[in-house]
Amino acid sequence: MTQVCAQENLYNLLPRLEEKAVRPPRYISTFRSSVKYETQKNKAPWKTIGPEKVEVPSPKNFLLKGSREPKLLQRQKDRGSKKISTLPPVPQKTDHPIIGVQVKKNFIRTNAVDAVMGKPKTYQPVCVDRRLGDKYLLETSGLVPKFIKKKDYGITPKYIIKRNEEVKKAQEDYNAYFKEALREKTMEWISDEERENVLQDLKKAWEETHHEFQCLSLEIDTLPKRMHKERLESHLKQLEHDIKLIENPHCIYIPKK
């Protein structure tokens, strides 16, 4: 606890005589009137669009570079303005400090309570992955499981469900169309009589083609003769293949017309 100081004041123990300072007469410049006139004269033209009159070059002299550009007068500083000081005023000689003020607040206990009950300062979590100490935010780094905590995590989006339904419906329509096409284009079995008629026609065509092949000249020395012979040979092979296929005892099916 602080001790109570005696109510003593060391100021003004001895009476002092107040000495009044004798001020010299105020200095007034002899050029005050002319300066005031010049100041008022040069202030008015600057208020709107610059000085009232600009010096014009004489027609008797040669024009120099940049002489046609207007030359503005330098603006004089405003001597009458004073800067506003933000500093506290200087204490007067009659001001006395406050002495003997006691404070009952226990700063040690107050600081201890503030340290125990106060909330610690929160820092934004960062991640350091280099030896030089380069840091970046941990939340946007991808190392924190941020997206799995969402309410719609793991739920199939609506647009995917809609797309799957459209694909399923398109597949069902295609299957129905394919079954209908198969039903309309079913195969029919040819009878033995039709088989025999087809076989006879093939054999007759083979005999005619073979007769034409036998009538060819022995000497084939031109290109048209050689091409005609190759065409007859391929036709005979195709007819022989068809005859063997028809003579096969298996059933033969043809599409409906």
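Q: Is Lys-225 buried, exposed or partly exposed?
A: Lys-225 counts as partly exposed because its relative accessibility is 37%; buried means under 20% relative accessible area, exposed over 50%, and partly exposed in between, with a 1.4 Å probe and protein chains only. Bear in mind that this is a predicted model, where local features need pLDDT of at least 70, side-chain atom pairs count only at pLDDT 80 or more, and totals for chains, interfaces and linings use all residues. Residues are numbered from 1 along each chain as its sequence is written, and side-chain values use heavy atoms, with hydrogens and water left out.

Q: What does the Lys-225 side chain meet in a salt bridge?
A: Asp-221, at 3.6 Å, N to O. The rule is a side-chain nitrogen of Lys or Arg within 4 Å of a carboxyl oxygen of Asp or Glu. Asp-221 itself is exposed, at 51% relative accessible area.

Q: How many salt bridges does that rule count?
A: Four. Among them, Arg-130 pairs with Asp-134 at 3.4 Å, N to O, and Glu-139 pairs with Lys-146, with the closest N and O atoms 3.6 Å apart.

Q: And Arg-130, buried or exposed?
A: Exposed, because its relative accessibility is 56%.

Q: Switching topic: which residues make up the largest nonpolar core?
A: Seven residues: Ile-190, Leu-199, Leu-202, Leu-239, Ile-243, Ile-246 and Ile-252. A nonpolar core here is a set of buried Ala, Val, Leu, Ile, Met, Phe, Trp, Tyr and Cys residues joined through side-chain atoms within 4.5 Å. Helices H4 (192–214) and H5 (223–247) each supply at least two of the core residues, and H5 gives the largest share, three. Helices are DSSP runs of H or I, at least four residues, and strands are runs of E, at least two, numbered from the N terminus.

Q: What does Leu-199 touch, skipping neighbours within four places?
A: Ile-243, Ile-246 and Glu-247, where contact means heavy atoms within 4.5 Å.

Q: Which residues of H4 are buried?
A: Arg-195, Leu-199, Leu-202 and Thr-209. What covers them includes H5.
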